Amino acid sequence: MTRKKISILDLAAKKKRQEPITMLTAYDYTGALLVDAAEIDVILIGDSLGMVMMGLESTVPVTMEEMLHHCRAVARGAKYAHLVGDMPFLSYQAEISEAIRNAGRFLKEGNVDSVKLEGGTEMAPTVRAIVDAGIPVMGHIGLTPQSASKLGGFKTQGRTATAARRLVDHALALEDAGCYAIVLEAVPAPVATAISERLRIPTIGIGAGPGCDGQVLVYHDLLGLYDRVQPSFVKEYARLQEPIREAFAAYRQDVVERRFPAAEHSFTMKVEELEAFQKSLEQS
Ligand code: KIV
């Protein structure tokens with residue numbers, strides 16, 4: 001079967017067929033090639049790149065220009081996955097017209113297919129305006145890292161009946177505003193299941209249990225590449241830190257002990273050219 005590019009309609013159809021949606025982050029060309037080759041449905045160019053690619057303490061300082069730079073690199077590598085650009089902090093919260101313009105830049109300059117933004121009911125008018133401008137929007141509620149400070153840290157959300165009920169209302173407001181999907185982050189599994197059952201649009205969980213319509217993980221977490229923060233909901237499918245460190249150390253040792261480069265890693269020249277070259281050196 002020939003593979004075709006995933007659209008938001010394909011994601012809606014997957015929910016209808018109760019087929020799980022797969023989503024992963026990627027931040028560069030090589031990473032995007034690898035994720036796309038694994039036939040992942042959605043690639044999120046997440047603002048988590050601020051932490052895993054740039055070494056920042058949080059996602060808050062990430063800028064539009066940084067996001068667009070990484071989006072373009074991913075778009076060159078991924079031909080089939082639906083590409084979502086993550087709107088960075090303060091690119092959509094201050095004014096609706098600014099939000100529309102910045103969302104548009106993700107499509108025009110970042111070459112992605114849709115945008116994601118954080119927030120619930122309070123973001124509904126912004127979501128509606130962006131969608132009305134022709135740009136598909138993925139919502140993100142629960143633990144919203146851009147407002148972690150307001151939430152009192154990176155904490156599970158919706159653990160009381162009142163807070164859980166509020167999350168349901170946020171999700172319904174985002175669906176009503178036109179979101180095509182919603183990320184549920186760090187939410188008790190029964191709450192995420194209840195939201196997923198009530199929505200017509202797909203939910204994508206991260207630390208939200210198996211009742212969501214899809215799952216997302218951060219590329220570096222899944223590969224065991226980044227352990228400055230290690231949420232308990234992450235499943236590591238590889239621990240690539242060790243083999244990478246070992247490869248770097250082996251390279252260093254080879255250079256220090258003059259085993260690299262060997263003959264097969266070096267270029268030669270024709271004997272007559274070499275002789276002429278050596279003669280010219282002797283004459284100088
Ligand atoms: O930025 C990101 O990687 C995200 C995911 C955690 C959903 O928002």
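**Figure 1. Contacts across the predicted protein chain.** In this predicted model, residues 24 or more positions apart account for 57% of the contacts in the protein chain with a separation of 6 or more. The chain contains 12 helices and eight strands. Along its principal axes, the C-alpha trace spans about 85 × 45 × 35 Å. Of the 284 residues, 46% count as buried.

**Figure 2. Helix H4 and the elements that surround its buried residues.** Helix H4 covers residues 64-77, which makes 14 residues. From its first C-alpha to its last, H4 reaches 20 Å, close to the 20 Å expected at 1.5 Å a residue. The buried residues of H4 are Met64, Met67, Leu68, His70, Cys71, Ala73, Val74, Ala75 and Gly77. Their packing partners include three helices, namely H2 (29-37), H3 and H5 (96-108). Strands E2 (42-45) and E3 (82-86) also pack against the buried residues of H4.

Figure 3. Cys71 is in no disulfide, and the nearest cysteine sulfur, that of Cys179, is 18 Å away. Cys71, one of the buried residues of H4, has a relative accessible area of 0%. For Cys179, the closest cysteine sulfur is in Cys212, at 15 Å. A disulfide requires a pair of cysteine sulfur atoms within 2.5 Å, so the distance from Cys179 to Cys212 is too far for a bond. Cys179 is likewise buried, with a relative accessible area of 3%.

**Figure 4. Ile141 in strand E5.** Ile141 lies in strand E5, which covers residues 137-142. Is Ile141 buried or exposed? Its relative accessible area is 3%, and because buried means under 20%, Ile141 is buried. Leaving aside neighbours within four places in sequence, Ile141 is in contact with Gly119, Gly120, Leu167, His170, Ala171, Leu174, Ile182, Val183, Leu184 and Glu185. One of these partners, Leu184, is 43 residues from Ile141 in sequence, yet the two C-alpha atoms are 5.4 Å apart in space.

**Figure 5. Thr126 in helix H6.** Thr126 has its place in helix H6, which covers residues 124-132. The relative accessibility of Thr126 is 8%, so this residue counts as buried. When neighbours within four places in sequence are left aside, Thr126 is in contact with Tyr92, Ile96 and Ala99.

**Figure 6. Lys155 in the loop between H7 and H8.** Lys155 is found in the loop between helices H7 and H8. Beyond its neighbours within four places in sequence, Lys155 is in contact with Leu143 and Ala186. The C-alpha atoms of Lys155 and Pro145 are separated by 9.5 Å, with the two residues 10 positions apart along the chain.

**Figure 7. The largest pocket.** The space in the largest pocket is about 600 Å³. Its lining is made up of 34 residues, and those closest to the centre are Pro145, Glu185, Ile206, Pro231 and Phe233. Strand E1 (21-25), helix H3 (49-52) and strand E6 (181-185) each supply at least two residues of the lining. By class, the lining has 17 nonpolar, nine polar and eight charged residues.

**Figure 8. The second largest pocket.** The volume of the second largest pocket is about 480 Å³. This pocket is lined by 21 residues, and Glu122, Thr144, Ser147, Lys150 and Leu151 lie nearest its centre. At least two lining residues come from each of strand E5 (137-142), helix H7 (148-151) and helix H8 (161-177). Which element gives the most to this lining? Helix H8 does, with four residues. The lining residues divide into seven nonpolar, 10 polar and four charged.

Note on methods: Residues numbered from 1 in each chain as written. Predicted model: local features only at pLDDT ≥ 70, side-chain atom pairs only at ≥ 80, totals over all residues. Heavy atoms only, no water. Buried < 20%, exposed > 50% of the residue type's maximum accessible area, 1.4 Å probe, protein only. Contact = heavy atoms within 4.5 Å. 1 Å grid on protein atoms, 1.4 Å probe; cavity = no way out; pocket = protein on both sides within 12 Å on 5 of 7 lines; lining within 4 Å. Points joined across faces, edges and corners; volume = space filled by probe spheres on them. Nonpolar A, V, L, I, M, F, W, Y, C, P; charged D, E, K, R; others polar. Expected span 1.5 Å × (residues − 1).
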